Amino acid sequence: MTQKLRGMIATGVVTLSTVLAAQAEPQHGIAMYGDPALPADFTALPHVNPDAPKGGRIVFAEAGSFDSLHPYIRKGSTPWQLRFMLAESLMGRSYDEPFTLYGLLAETIETDDARTWVEFTLREEAAFSDGTPVTVDDVMWSYETLGTKGHPRYHGAWNKIETMEQTGPRSIKFTFNTEDRELPLILGMRPILQKAQWEAANFDESGVDVLPITSGPYMIGDFEPGRYLTLKRNPNYWGKDVPFMKGQANLDEIRFDYYGDGGVTFEAFKAGEANTHRETNAHKWATQFNFPAVESGDIVLSDIPHQRPTGIKGYVMNTRRPAFQDIRVRDAMIHAFNFEFINQTIHGNTKRRIQSYFHNSVLGMAPGEEAQGQVRALLDGLAGNIPPGAIEGYSLPVSDGSERNRAGIRAAMGLMEEAGWTVQDGVMKNAAGDPFTFEILLKSGADENRQEIEIFSAALSRLGITPTITSVDSAQYKERTTAFDFDMAYYWRGLSLSPGNEQKLYWGGESADTEGSRNWMGVKNPAIDALIDAMLTAEDQDGFRAAVKALDRVLTASRFVIPLGYSELSHVAHAKELHFPERIPMYGDYLGFQPEIWWYED
């Protein structure tokens with residue numbers, strides 16, 4: 001009971017019934033809006049096979065390399081899967097609902113109506129892989145350490161915690177210093193690490209000498225940096241009977257073999273070195289998956305649908321660099337990028353173009369349509385900080401599909417001229433005679449991106465612009481993008497049906513100068529910050545959707561990214577022994593990445 005509430009009782013302002021009504025109750029789960037879909041006595045998530053057999057292995061062929069097994073700090077190049085497959089959190093997310101969590105390490109969650117605080121109670125049986133119990137001390141240490149020494153993705157939520165206190169033998173309570181209804185859910189998804197292990201090691205150092213002790217169903221097995229990594233299912237995993245985990249973690253071994261580039265990974269899969277392959281090139285999926293193992297039935301081709309937003313995938317322009325600070329220059333790049341020709345030439349017209357950050361969902365703007373209702377009201381209140389097209393409507397240019405793209409090049413030329421750039425002696429220059437040029441950063445082995453950029457570069461040459469195209473290995477790519485050391489780079493930011501605090505990391509002003517943040521474009525716009533805040537503080541679904549749609553309009557109309565195409569399907573080729581449930585969750589792409597709810601059966 002708060003001091004304020006005690007004072008109200010003492011002065012007779014509220015009755016006992018009011019006090020009781022104000023008290024929260026422990027719950028088995030929490031949803032961002034409304035109530036969880038599953039009751040307290042659920043036995044398994046609806047999109048899993050609770051009777052899936054245990055055993056077998058899955059082998060991935062991965063492009064790139066790694067030099068660290070510590071996924072909770074910024075340093076080092078770590079297999080991205082480790083962030084999700086080692087440490088458990090207090091709550092687990094259901095991918096069959098927009099944003100709902102159910103108890104995992106915690107048996108209950110409790111919060112007030114305004115969500116100004118949250119309290120978790122740990123399961124008595126929760127344990128780390130070495131058999132020691134997960135304690136409140138481990139939880140408190142994890143939150144503070146991640147929030148101060150961990151990757152920047154963890155810092156934002158930690159800074160919003162006013163107090164953290166143990167309230168019982170297995171209970172911990174967080175009280176917040178700001179209004180943010182998503183915070184109880186965000187805290188529920190933080191990884192919990194073992195305090196005792198890291199007291200004897202340096203948490204700030206990357207590398208492979210310290211293998212994290214965690215509570216998850218998998219432990220790190222054999223590995224050789226740059227060549228392979230195996231995860232072994234823990235036979236003594238504490239949570240095998242927790243309802244949330246029923247039908248999950250079915251495979252005995254998960255192996256990642258590393259190759260130099262994406263082309264080699266496909267060949268490795270065809271040769272039988274891997275038994276699963278996720279294909280993102282729809283044209284390749286339609287034309288190159290007819291090899292003998294497919295024809296014999298040993299390899300199965302599965303199309304898995306999803307209902308999530310497209311997110312934004314394309315070539316991001318770094319506004320920290322003078323070349324791309326002018327929106328007219330960024331707009332010119334978008335006009336010069338001949339998506340329709342690229343889609344035909346490289347993808348066989350199999351892609352649909354991403355129209356906005358939340359396209360393909362109820363949260364996305366309608367391209368070209370004027371803002372209405374609550375969306376318009378939000379944008380009108382931010383006049384002066386929103387780009388052209390945000391209110392009246394913005395649509396990407398569409399070419400005639402020919403290689404020349406005369407209309408697009410003509411529009412790009414006009415925009416560059418408005419920004420002070422003209423063609424002089426065949427070269428795009430400013431009034432001082434300085435040429436307009438920039439570097440496009442790509443990852444080695446990204447053959448599809450290289451083809452797209454070569455077509456784009458040819459178009460730019462007709463504008464008198466000659467970009468430098470640089471391909472680097474995955475470690476260098478991460479190092480350079482982490483430090484924002486690029487002009488233009490390939491960029492992919494996935495988004496959900498329930499966006500929240502991560503939006504501040506993606507394009508919030510505070511993250512623009514934080515190396516390692518995901519604000520690659522370097523945007524600092526008070527309108528974007530205000531719309532993120534409106535989204536986070538919305539108290540109903542209508543207000544939430546209006547804020548996201550307004551945010552989508554401002555981001556898209558700001559022309560930070562040259563959007564590419566998308567598919568509403570995940571294409572997964574896999575051994576016939578690898579199976580997934582018949583019911584596809586709302587986030588079907590979750591199945592495509594594998595392997596949490598897959599199983600192996602002859």
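A cavity is a set of grid points where a 1.4 Å probe fits but cannot get out. In the predicted model described here, four such cavities of 30 Å³ or more are present. The general idea behind the search is that rolling a probe the size of a water molecule over the atoms shows where empty space is left.

The largest cavity has a volume of about 200 Å³, and its lining is made up of 16 residues, among which R278, R308, K313, W492 and S567 lie nearest its centre. Two elements, β12 (276-279) and β23 (569-575), each give two or more residues to this lining, and the largest share, three residues, comes from β23. Sorted by class, the lining of the largest cavity consists of four nonpolar, six polar and six charged residues.

The second largest cavity holds about 60 Å³ of space, and the residues that line this cavity are I312, I334, S356, Y357, Y394, L396, T556, R559, V561 and P563. By class, seven residues of the lining of the second largest cavity are nonpolar, two are polar and one is charged.

A pair of aromatic rings is described by the distance of the centres and the angle of the planes. Across the whole structure, 29 aromatic pairs are found, including the one formed by Y357 and W507, which is edge-to-face, with 5.1 Å from centre to centre and 85° between the planes. This pair links distant parts of the chain, since Y357 belongs to the loop between β15 (352-353) and α13 (373-380), whereas W507 belongs to helix α17 (residues 502-507), and the two residues are 150 residues apart.

Among the sheets of the model, one is an open sheet of five strands in which the order is β19-β18-β20-β14-β21 and the pairing is mixed. The edges are taken by β19 (468-472) and β21 (561-563), each of which has a single partner strand, so that one side of each is left without a neighbour in the sheet. Helix α16 (residues 474-482) lies across β18, β19 and β20, and the helix runs at about 135° to β18.

A further open sheet is formed by three strands in the order β1-β4-β3, with antiparallel pairing. Here the edge strands are β1 (29-31) and β3 (91-94), each of which pairs on one side only, and the twist from one strand to the next averages 25°. Strand β1 is joined to strand β4 (residues 100-103) by three bridges, and these two strands run antiparallel; A31 has T100 in β4 as its bridge partner, while I30 stands opposite L101 in β4. Strands β3 and β4 also pair in the antiparallel sense, in this case over four bridges, and they form a hairpin with five residues between them. In this pairing, S94 stands opposite T100 in β4, and T100 is likewise the bridge partner of A31.

Conventions: Residues numbered from 1 in each chain as written. Predicted model: local features only at pLDDT ≥ 70, side-chain atom pairs only at ≥ 80, totals over all residues. Heavy atoms only, no water. Pairing = 2+ DSSP bridges. Contact = heavy atoms within 4.5 Å. Axes fitted to C-alpha atoms, helices over the stretch in contact; angles between N-to-C directions. 1 Å grid on protein atoms, 1.4 Å probe; cavity = no way out; pocket = protein on both sides within 12 Å on 5 of 7 lines; lining within 4 Å. Points joined across faces, edges and corners; volume = space filled by probe spheres on them. Nonpolar A, V, L, I, M, F, W, Y, C, P; charged D, E, K, R; others polar. Phe/Tyr/Trp six-rings, centres within 6.5 Å; stacked < 30°, edge-to-face > 60°.
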